[in-house]
Amino acid sequence: MSKVIAVISGKGGVGKTTTTANIGLGIAMQMKQCVVVDFDIGQRNLDMILGLENRVVYDMIQVMDGEATLEQALIRSKANRNLYFLPASQTKDKSVLDSEKISKMLMELRKKFEYVILDAPAGIESGFEHTIEFADAAIIVVNPEVSSIRDSDRAIGILDSKSQKAKIGHEVEKMLIINRIDPEMVQKGEMLEADDILEILGVELFGMVPEDKGVIDASNQGQPIILNKKSDAGKAYRRIAKRICGIKVPVERPKVKRKGLVGKLKGIFS
Ligand SMILES: Nc1ncnc2c1ncn2[C@@H]1O[C@H](COP(=O)(O)OP(=O)(O)OP(=O)(O)O)[C@@H](O)[C@H]1O
Ligand SMILES: [Mg+2]
């Protein structure tokens, strides 16, 4: 049985595309056939993070309009043979999305892949609604800050009322990822705690990813951080991907890094 998972957040810039790329690779590492689909029409970031921007010839809209076959548009990941990527159109605007065409395309993708991961655009407008429309599950990405939590709460409200599953009284499975956690700020009480976020959103926690400059560098190089075995953020994504694949692994809280003497002195005098 295949699963369509929408990666959503409400607020923009919290890490949906980063999550999509890393989780897609993580699922592929579990030997599952996976496709990541860029639903952020006009933006196109996922191709860069996956290091596939030069390979893009056809896009999702051309597939929907019958100008290209799915086979022509799908691009195989260089990092893992089980992962494929379906690009968004950069030239056409969001209004080109059409429920019937999306449904047909997702049906085709379901036949080929166990996991179909959709990277939603920022906001909760029509592009977002099309991304969640046929989803079986949603990965909700939040940053530990009030505006992100509030916007995610709104996005969950739309998921629970406008998705096809909601229309027939079924619940869309929800998996929460708290991204960009600074453990030191949490310790000092300067950042929202995971428990507070869980209480507000009322969804299951799937993982916590620390703030890590390496994530940005990795994305810029087209080598998602999950490929870096030493990175804590990479390890967090690996655990999340396992949980999505149904493997029981505990959720780990990012730890405060032990500092050397210079770091400690900086802390005292800051
Ligand atoms: N854990 C992290 N640590 C440090 N930087 C991060 C982390 N996660 C994401 N980022 C950075 O945050 C920025 C926004 O991430 P990303 O593009 O994935 O967000 P998005 O939700 O897809 O944005 P949009 O809503 O515009 O589509 C990027 O520069 C990314 O590298
Ligand atoms: Mg994005």
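Trainee: Why does Tyr115 count as buried?

Mentor: A residue is buried if 20 or more other C-beta atoms lie within 10 Å of its own, exposed if 12 or fewer, and partly exposed in between, with C-beta atoms placed from the backbone. Tyr115 counts as buried because it has 25 C-beta neighbours inside 10 Å. Do keep in mind that this is a predicted model: local features need pLDDT of at least 70, side-chain atom pairs count only at pLDDT 80 or more, and totals for chains, interfaces and linings use all residues. Residues are numbered from 1 along each chain as its sequence is written, while chains are lettered from A and ligands numbered from 1 in the order in which they are written.

Trainee: Which residues is Tyr115 in contact with, leaving aside its neighbours within four places in sequence?

Mentor: Contact asks that two C-beta atoms, placed from the backbone, lie within 7 Å. For Tyr115, with neighbours within four places left aside, the partners are Lys3, Ile5, Ile27, Lys32 and Cys34.

Trainee: In which strand is Tyr115 found?

Mentor: Helices (H or I, at least four residues) and strands (E, at least two) are DSSP runs, numbered from the N terminus. Tyr115 is found in β5, residues 115–119.

Trainee: What is the order of the strands in the sheet?

Mentor: Strands pair if DSSP finds at least two bridges between them. Here eight strands form an open, mixed sheet, ordered β3-β4-β2-β5-β1-β6-β7-β8. Its edge strands, β3 (75–76) and β8 (204–210), each pair on one side only. β8 pairs with β7 in the parallel sense over six bridges, and Leu205 in β8 is the bridge partner of Leu176.

Trainee: Which strands does helix α5 lie across?

Mentor: For angles, axes are lines fitted to C-alpha atoms, for helices over the stretch in contact, and values run from 0 to 180 degrees between N-to-C directions. Helix α5 (residues 99–112) lies across β1 (3–8), β2 (34–38) and β5, at about 140 degrees to β5. Helix α7 (residues 146–162) lies across β1, β6 (137–142) and β7, at about 165 degrees to β6.

Trainee: And at what angle do α1 and α12 cross?

Mentor: The axes of α1 (residues 16–29) and α12 (residues 232–244) cross at roughly 65 degrees, coming within 8 Å. Among the residues that meet there are Ile23 and Ile27 in α1, with Tyr237 and Ile240 in α12.
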